Each structure stands twice: as structure tokens, then as C-alpha cells.
Amino acid sequence: MVRQVKRVGQRSQFATKGDLVAGGADVRAGRYQRASQDKKEQGKSVHDQGVLNTAEVTRYGWTCPPSMSFTDNHRSASRHATKTREDFERLMDVIREGKLDVLVVWEISRNQRDLAVYVQIRDLCTQVGMYFWLVGGVLYDLRDKNDRMMLGFQAVQAEWLADSIRDNVLRGIVGAAEAGRPHGKVTYGFRRVYDQRTRAFLRQEADDEIRTATAPETEAESTYTHVGVVRDIYKKITSGVPLITIEQQLNARGVPSPEGSTWRRGVIRKMALNPAYIGKRVLRGEVVGDGQWDGLVDEETHWAAVRLLEDPSRTTTRAGRAVHLLSYVVRCGVCDGPLSMTKVNRHGWQGQVYSCLKKRCAAVTADVLDEFVQRAVVAWLARPEVFADLTADASSDEQVAHARAEAQRLRAELEEWRKLAERGEVTAISFARSERGLLAQIEAHEAAAKEAGIPPVLRGRIGDDAVSAWAALGDEVAVKRDIINTVADIRLLRAGKGSRRPFGRHRLEWTWKFGTSTDVVSEPAAA
């Protein structure tokens with residue numbers, strides 16, 4: 001029998017399966033390997049597939065150079081996939097260019113788990129005249145209706161299996177959440193304990209293992225624990241230390257981040273906002289109940305950090321980078337522009353001056369304004385009536401925690417109503433009424449949580465502790481700025497043409513953000 005072969009571009013087109021099997025080295029094969037997950041990053045699955053595919057190619061004596069081997073490891077092929085399969089796209093280009101005679105895969109699911117993608121590949125192969133697929137050692141011809149049917153069955157089965165796996169995983173995730181079990185990657189600061197024989201989950205606990213860090217610049221060594229890092233982050237945030245400062249301190253010590261690299265402010269912020277650190281179970285960003293573990297910090301500290309980080313006023317300045325105490329904190333009383341620091345050399349006088357950044361409407365010697373504002377703020381913080389006003393709600397932080405927890409609970413209830421509506425178990429009207437009521441309650445609880453309690457940065461810095469706490473801050477300019485910005489709205493007024501009156505209260509438009517007091521200080525600062 002004479003083998004029927006004709007050339008089409010760079011590819012030999014074989015008339016039948018028999019011609020292809022007998023084609024030997026004239027047949028150009030392309031093999032594709034894929035694995036959805038490779039948690040150990042060893043590539044075992046794709047390696048094993050490659051070995052099996054190579055054995056099939058060798059058995060027929062076909063040609064398959066390394067450039068015609070395509071591998072996507074740790075890549076899903078289902079319709080829910082979020083990552084691109086780079087080698088799969090390269091394979092499609094090679095097929096489109098007519099460089100292959102047969103596609104070799106071990107299972108149809110290795111190629112794809114999406115019926116739409118299967119149809120796309122099948123139609124592309126038919127269009128360019130590459131009709132043959134070798135799947136699991138069985139040769140198929142896309143022109144044969146029976147072969148097309150069998151491949152179609154396998155494609156439908158692959159998609160159904162992918163959807164079943166996803167449904168099972170989601171059901172397991174929801175079940176674990178409802179039971180309060182942890183899921184997924186271990187949260188930094190915790191460790192999980194499993195039964196040595198069955199590998200069943202036993203508990204999640206604080207990771208207090210002592211580790212050693214080496215500073216990159218000085219090579220000085222220090223010890224730390226993951227739980228200690230978490231608690232220190234919360235302590236510094238609630239003390240008013242900016243995230244950039246915390247980032248710099250951790251990196252300066254050489255403490256690795258949760259990903260084993262350098263720390264970033266976004267990572268620190270995400271950690272501090274995570275309710276897992278107070279023993280709460282989170283699902284899709286919402287608290288769904290108590291977890292089966294103890295928190296690393298108390299609820300008061302956590303919610304104080306959350307309130308501080310979510311305060312919109314903190315996004316308008318870059319306190320962590322500030323060098324000067326009042327730049328961009330005090331504003332111009334004429335044009336409402338910010339004050340910035342400038343150096344002045346005029347009439348034999350040299351020094352630093354705060355002046356209006358926009359139009360230079362008003363200006364004052366920096367040392368004078370710094371001294372005046374600090375004395376005014378500390379004196380106000382030390383007042384007994386201020387202490388009494390701010391501490392009137394002794395359980396305010398507990399109330400904040402309760403209000404936030406209640407808001408989260410109501411969100412979960414609203415989600416259940418949505419699911420019932422989607423399944424048709426409640427009417428659209430019933431759902432709409434419930435939604436309006438629940439949304440109103442959620443808004444009320446969130447408002448209560450936002451407004452209640454002592455501002456975190458003022459904790460331990462009011463009443464009898466005010467003077468000593470301020471002195472203890474030393475050169476912590478960022479924290480001082482945060483305190484000033486929290487308690488007062490200050491605007492600088494013009495001195496007046498030709499005025500020789502010493503700087504004092506008359507140069508400031510001053511409003512306290514708490515209480516009803518309007519007094520600042522009675523005596524002027526030194527000129």
C-alpha cells in the first residue's frame with residue numbers, strides 16, 4: 001500500500017490514521033502537559049505526563065523536538081481559571097502556523113477543562129488541516145464523526161469534573177467557615193498543629209518560635225517571634241507610629257515579611273485589619289463567626305488600629321515622611337492653603353519659617369509656632385475636664401467591637417437573604433424589604449463604631465499622663481503631628497502690616513475637635 005502524503009506549507013498532511021502511524025520521522029508531533037496545582041513546586045505531574053507523551057511519540061517514531069513540547073505547571077484550565085496559560089497560547093500559535101501533524105496529550109483534561117476552549121482548539125485544528133490527536137495512547141481523527149463524538153464526550157466530562165471539584169472545594173470552604181476552622185494559608189503569627197498519624201487538624205495557636213534576624217546594613221543579630229511581630233505592629237499603630245516607620249524598622253532589623261521578603265506598608269496594613277488576630281473567622285472578606293483559636297491581640301487594640309487606619313483624614317497627609325512638626329497640619333487662615341517650611345535669609349536674619357504654600361498670605365517663625373502649638377496641645381490634653389469628656393464612655397472600645405461585630409453579622413444575614421432570593425425561596429418584594437432594613441441597621445452600627453471611643457493615638461496621653469507622655473515622644477515627629485491633627489484645627493492669620501505685636505493667640509484661628517472648650521493658651525510664646 002502506498003502511503004498518501006502531500007505537503008501543505010511546513011506540514012505533511014496525512015490522509016488516514018494508518019498513513020500517520022506509518023509516517024515515522026516525517027510526522028511532526030507536539031506534546032502538551034499541564035497540572036492545575038503544584039504546591040510542592042516539584043513539577044512531578046507535568047514531568048510524568050511528559051514521560052508518557054514522549055514514550056508514545058517514540059513508539060511511533062515521530063519527530064518531536066524540544067521546541068514542540070509545551071508545559072503549563074500550576075495552571076488551571078477550567079472556565080473559572082484566573083491565570084493565563086502561556087505555553088498553551090504558544091501551542092495555539094504553532095498549530096495556527098501549520099507546524100504540527102498530531103497533538104499528543106495524556107488526557108483531554110490536560111488540554112482544557114472548558115468546553116468552549118475545546119471547541120476553539122478543535123475548530124482551529126480542522127481549519128488548518130491538523131486532524132489528528134493522540135489522547136492517552138488512542139489516536140483520533142477530527143474528520144471522523146465517531147472520533148469527534150468521543151472527544152466531545154471527554155471534553156464535556158472534563159468540564160463537569162472541573163465544576164464538581166470547584167463546588168466541592170467551595171462547600172468545604174463554607175463548611176469550615178461555619179465551623180470556625182481555619183482555611184488556606186496559615187496567617188502570619190499562627191501555626192497549625194495536625195495529628196501525626198491522620199494529618200487531621202487539631203488546633204491553631206500562636207507561633208512563639210524564637211527566630212534570629214540579621215540587619216542588612218550592620219549585620220547585627222536580634223531575636224524575634226512571629227506573634228511578637230504581630231503584637232508590636234498593633235502596639236505601634238495604636239500609638240500613632242506611621243506604617244512607613246514600622247516598615248523601615250522591621251526591614252532595618254532584617255525581619256522577613258510573611259512572604260519571606262522585605263516588608264511593605266500594604267502588607268502591614270492588611271495584617272492590622274485582619275480580624276483573624278482577634279479570633280474571628282473570615283469568609284470572602286466578611287466576619288462569619290468565632291474561629292477555633294484564640295486571638296493574638298485583644299479586641300480593643302484591634303478595633304483601635306482599624307479605626308485609626310480607616311480614618312479618611314490620614315490619607316490627606318504623609319505623616320511618616322514629615323520632618324517638620326506643623327507643615328501641612330496648620331493651614332492658612334486667609335486662603336485655606338497648607339503651611340510649608342521654607343528657609344529665609346533676609347535683613348541679616350536666617351532661619352526657618354512656616355508660610356502659606358499657595359500665596360504666601362501668612363508666615364511665622366517655625367520655632368515660635370512649634371513651641372506655641374505644643375504647649376497649647378499638652379495643656380489641653382492635661383485638663384481634667386478633657387480627660388473626663390474623653391473617658392466618659394469607659395467601655396467605648398468594647399462598644400466599638402460590639403458594633404462592628406454586629407455590622408458583620410447583619411452583612412452575613414443579608415447575604416443569606418440574597419441566596420434565598422437567587423434560589424427563588426423568597427419573593428423579590430420580601431428580599432427588597434429585608435435589604436432596606438438590614439442596610440439601615442448596618443449603617444447605624446458602622447456609624448456607632450466610627451464615632452465611639454477615645455482616638456487611639458490619645459490613649460495614655462491625656463489627663464495626668466499628658467506632660468510625661470509628650471516628653472517621652474522625644475523626636476517622634478510623626479506621632480506628635482498625628483496627635484495635633486487629631487485634637488485641633490489650626491489656621492494661621494496675618495500679622496498685619498507693620499505690626500510689632502509678639503506672636504500669640506490673636507494670630508491663630510483655633511478649634512478643638514473634642515469638647516466645647518475654645519481656650520488655647522493665655523500667654524504668648526516668646527518672639
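Mentor: Happy to! Let's start with the residues that touch: Val229, Ile233, Lys236 and Ile237 in helix H7 meet Leu243, Ile246, Gln249 and Leu250 in helix H8. Sorted by class, this contact has 6 nonpolar residues, 1 polar and 1 charged. Keep in mind that the model is predicted. As for the geometry, H7 covers residues 226–238 and H8 covers residues 243–253, and the two pack at an angle of about 145° with their axes 10 Å apart. Their crossing is right-handed.

Asp207 sits in the loop that links strand E9 (201–206) to strand E10 (211–214). Beyond its neighbours within four places in sequence, Asp207 is in contact with Gly189, Phe190 and Arg191, and also with Thr225, His226 and Val227. Is Asp207 buried or exposed? Its relative accessibility is 5%, and buried means under 20%, so Asp207 counts as buried. The side chain of Asp207 also makes a polar contact of 3.3 Å with the side chain of Arg211.

Stepping back to the whole chain, you will find 16 helices and 19 strands. Of the 527 residues, 43% are buried. Among contacts between residues at least 6 apart in sequence, 61% join residues at least 24 apart. The chain exposes about 28,600 Å², with carbon and sulfur atoms supplying 50% of that area.

Methods
Residues are numbered from 1 along each chain as its sequence is written. This is a predicted model: local features need pLDDT of at least 70, side-chain atom pairs count only at pLDDT 80 or more; totals for chains, interfaces and linings use all residues. Side-chain values use heavy atoms; hydrogens and water are left out. Axes are lines fitted to C-alpha atoms, for helices over the stretch in contact, and angles run from 0 to 180 degrees between N-to-C directions. Helices (H or I, at least four residues) and strands (E, at least two) are DSSP runs, numbered from the N terminus. A crossing is left-handed if the near helix is turned anticlockwise from the far one by less than a right angle, and right-handed if clockwise. Contact means heavy atoms within 4.5 Å. Ala, Val, Leu, Ile, Met, Phe, Trp, Tyr, Cys and Pro count as nonpolar, Asp, Glu, Lys and Arg as charged, and the others, Gly among them, as polar. Buried means under 20% relative accessible area, exposed over 50%, partly exposed in between (1.4 Å probe, protein chains only). Accessible areas come from the Shrake-Rupley method with a 1.4 Å probe; for residues, only the protein chains shown count as cover. A polar contact is a pair of N or O atoms within 3.5 Å; within protein, one must be able to donate a hydrogen and the other to accept it, and residues adjacent in sequence count only if both atoms are side-chain atoms.
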